[in-house]
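This report goes through selected contacts, strand pairings and salt bridges. Please look over the sequence and the structure before reading on.

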Amino acid sequence: MHAVILAGGKGVRLRPYTTTLPKPLMPIGERHAILDIVLEQLAARGFTSVTLSINHLGPLIRAFVGDGSRWGLEIGYVEESVPLSTAGPLFLVKDELPEHFLVMNGDLLTDLDHADLLAQHRGAGAPLTIATAAQTTRMEFGVLDVVEGRVVGFTEKPAYRHRVSMGIYAMPRKTLAPYPPGLALGFDRLIQDLLRQGEFPHTYEFEGVWLDIGRPEEYDEANRRFGELEPALLPLRSEVAA
């Protein structure tokens, strides 16, 4: 099994931390970087190879990861000469990818089973499978239902529950075929293109641990909770194999 990890972002929302370190190398707990945890998880789930897409402070990621032998993985790199957004780097290596593969952001902490996501994707035959998590958004104001200038309903600070993309995808290589190398394209636009074509992505609904480390307060929260979450985030390979 193969995974592509998107590790080239500048981590603007996480400044000043990311001024000197790329976000995937930010330390979590006392012994790990975020990317270290992600690679350990992939190896534990049976993945054998990874492509790292790098740009911002890319040499630091190369120096940390090397050839991947530390995790028992074969690791290659694709380096963006210009920012290509989230899906764009895939077009640079699409001829080297297997028929089906995983794509994920390099700054996520989750106990999602990546291998199960890929297996369910293969079984569904979808052009794209999106891992989703349930999130609740609470309005800070009273919400009015208005019809022709009249208030016909009122809800005080309602909460809305919806499913959001976790930044983890499974896809077939053929989905990339229409796009030329060097195109800057995000997964948001790719999903919109598929919808316009009547090619509907599938979802992989997930209810476990998911921390999107985008802002300083989220990073601090991840470090506060890491002792509690470490057993779920870093299962032993022998336990997974059993």
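Which backbone oxygen does the side chain of Gln41 reach? In this predicted model, the side chain of Gln41 reaches the backbone oxygen of Thr110, at 2.7 Å.

**Helix H1**

Gln41 belongs to helix H1, which covers residues 34–44. Its relative accessibility is 6%, so Gln41 counts as buried, the cut-off being under 20%. Not counting residues up to four places away in sequence, Gln41 touches Thr110, Asp111, His114 and Leu233. Gln41 and Trp71 are 30 residues apart in sequence, with their C-alpha atoms 9.4 Å apart in space.

Asp36 is also found in helix H1. At 8% relative accessibility, Asp36 counts as buried. The side chain of Asp36 makes a polar contact with the side chain of His32 at 3.0 Å. With residues up to four places away in sequence left out, Asp36 touches Arg31, Phe64, Arg70 and Trp71.

**Strand S6**

Strand S6 spans residues 100–105 and is mostly covered, with five of its six residues buried. Strand S1 (residues 2–6) runs parallel to S6 and is joined to it by four bridges. Within this pairing, Leu6 stands opposite Asn105. S6 also pairs with strand S11 (residues 159–172), here in the antiparallel sense and over five bridges. Met104 has Ile168 of S11 as its bridge partner.

**Salt bridges**

The structure holds 10 salt bridges. Three of them are listed here.

| Pair | Closest N to O |
|---|---|
| Arg31 and Glu230 | 2.8 Å |
| Arg224 and Glu221 | 2.8 Å |

Arg31 is exposed, at 60% relative accessible area, whereas Glu230 is partly exposed at 21%.

Arg224 and Glu221 are three residues apart in helix H6, about one helical turn. Arg224 is exposed, with a relative accessible area of 59%, and Glu221 is partly exposed with 32%. In another part of the model, salt bridges that share partners join Arg189, Asp193 and Arg196 into one network. Arg189 and Asp193 both lie in helix H5 (residues 187–196), four residues apart, about one turn of the helix. Arg189 counts as partly exposed, at 43% relative accessibility, while Asp193, at 8%, counts as buried.

Conventions
Residues numbered from 1 in each chain as written. Predicted model: local features only at pLDDT ≥ 70, side-chain atom pairs only at ≥ 80, totals over all residues. Heavy atoms only, no water. Buried < 20%, exposed > 50% of the residue type's maximum accessible area, 1.4 Å probe, protein only. Helix = DSSP H or I, 4+ residues; strand = E, 2+ residues; numbered from the N terminus. Pairing = 2+ DSSP bridges. Contact = heavy atoms within 4.5 Å. Polar contact = N/O pair within 3.5 Å; in protein donor to acceptor, adjacent residues only side chain to side chain. Salt bridge = Lys/Arg side-chain N within 4 Å of Asp/Glu carboxyl O.
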